[in-house]
Amino acid sequence: MQGFDYIIVGAGSAGCVLANRLSVDPTISVLLLEAGGRDNKMILKMPLAFVPASQRPEFNWGYESEPDPTLNNRRLRVPRGKVLGGSSSINGMMYARGHARDFDHWRQLGNEGWAYADILPYYKRMESDWRGEGKYHGGAGPLATIPSASDHPLYGAFMAGAKAAGFAESGDLNGAEPEGFGPMDFNQNKGRRASSAAAYLTPALARRNLTVETGAITRRVVIENGRAIGVEYLRDGQSLVARAEREVILSGGSYNSPQLLMLSGIGPSDELKLHGIVPVLDLPGVGRNLQEHPSMWIRRLCSRPTGFDANFRFDRLAREVVRWMMSGDGVISGPPLLCVGFIRTRPELERPDMQCYVNAIGFDTKVWFPGFRKANGDKIDWINSMLHPESRGHVTLRSADPMAPPRIQFNLFSARSDLVTLREAVKIARDLMERKPFADALGPEIVPGPKVKTDAEIEAAIRNLAGTTQHPVGTCAMGHGPEAVVDPQLRVRGLAGLRVVDASIMPAITGGNTNAPTVMIAEKASDMILGKPPLPAAEGIYPAAA
């Protein structure tokens, strides 16, 4: 049995941060266990290749949801990263912090130290923002950000149409202007993906006090006398045990962290007994409170070429790959995003309830070449992602076998209000796309199609087509009530020496992509684990101070 001060299970968005921050002190030994493999394949570095990368079994665990009765019993694809960096190595790289009110809400739920003023200093510490150091941004952190391009030939026409529809233009959706349409920040560095592995783990790999093991399937947390003392894991067909002198930290994400707790006897006792697992701690909230951002898309043809489809001709795309490899720029270096919007579907709301991704390409686009495959044609894919759903799902065990994927039940529209909100967002998107001059650049609607008009028809289309934005949170929620799994210090309630540090601790989902908040959570947790005082709260900030 090897001994370490800290054992981190999961080298994803949070685990890589913890491995870096905890191993800065050379007297502290850290073991990082990752069930997937290395992140050294070129396709993982290419920003434009995130869709095909996320579909490859070598990089993706390939989870699938249970049939969802609110989606006509459809199963949804649930991609999760299977490499160092976790899902930050296969996601769309979008950097969205969430609205200030999201974190103030966490504090209002009783989670001291998690208000916007408390967490903003950690966002600043982690950033190497393209704007440089400022009131809302950091300039020297590990995680680089860049702005999405605003030179697309349709950008100006879109923004004019958005203003005509009554929406504001924002120059900083992660700062003092968190509402409206504008360019979005992305995690990239010199034309390459800036995953948590690239930003945090790679610079720390040379440290002698940090041990990283890939292909390591953690089977259970070893608990003695009410304390987590280590983990049992499988690697290369061999069962191993590692001892944690200080703490075991679970960073497997919103599906695998609750799964591992339950495999270790921590969770709803009745459910554990069904799988022959002896309960160690009855913690009914484990796996509950699953939250996701439901999404619905609209696709329209463009009435004139925009240039993007032309770049997918085989010879041109090959040339762009070479250009990217040599210089880090060109078509390959950025996701095909026109802009992003954070909007309210009802004016009385206190914060945006919808995130709109306006993509300058159809996600069905494929490489083409004259005589072999026809050109796809330029399209606009508009995705509405609902930010604050009322519906809740859950994660449960499939069996006591740690190799078996967990059962994921979204219940995506169990609250009818969520379906209604997404329906109204479809109407808003359609209205904006009919505003000139943007409307002049668009052709007919393909999805859901011009025949889908009434409220009932739109709702039926949503049930047939909607998915998630792949932002699962909440299954090991932070709080104080009977359903809470961890306390505000992220310690598992009722046990010593065990924490959960990942997106599963969010008591309520943030209003935007969840990767950046997950990195922030790990940054803040690293100070908690090391017993450091929290960074001083920010002052004079908007809108948290309003």
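Which residue in β15 does Ile217 stand opposite? Leu234 is the one.

This is a predicted model, where local features need pLDDT of at least 70, side-chain atom pairs count only at pLDDT 80 or more, and totals for chains, interfaces and linings use all residues. Residues are numbered from 1 along each chain as its sequence is written, and side-chain values use heavy atoms, leaving out hydrogens and water.

**View 1. Strands β14 and β15 run antiparallel.** Here β14 (residues 217-224) and β15 (residues 227-235) are joined by 7 bridges. Strands are DSSP runs of E with at least two residues, numbered from the N terminus, and two of them pair if DSSP finds at least two bridges between them. In this hairpin, 2 residues sit between the strands, and Asn225 has a positive phi near 50 degrees.

**View 2. β15 also pairs with β16 (residues 238-250), in the antiparallel sense.** This pairing covers 6 bridges, and Tyr233 has Leu240 as its bridge partner in β16. Again there are 2 residues between the strands of the hairpin, and Asp236 in the turn takes a positive phi of about 55 degrees.

**View 3. The second largest cavity holds about 50 Å³ of space.** Residues lining this cavity include Leu290, Pro294, Arg392 and Phe410. A cavity is a set of points on a 1 Å grid over the protein atoms alone where a 1.4 Å probe fits but cannot get out, and lining residues have an atom within 4 Å of a point. Volume means the space filled by probe spheres set on the points, which are joined across faces, edges and corners.

How values were computed. Helix = DSSP H or I, 4+ residues; strand = E, 2+ residues; numbered from the N terminus. 1 Å grid on protein atoms, 1.4 Å probe; cavity = no way out; pocket = protein on both sides within 12 Å on 5 of 7 lines; lining within 4 Å.
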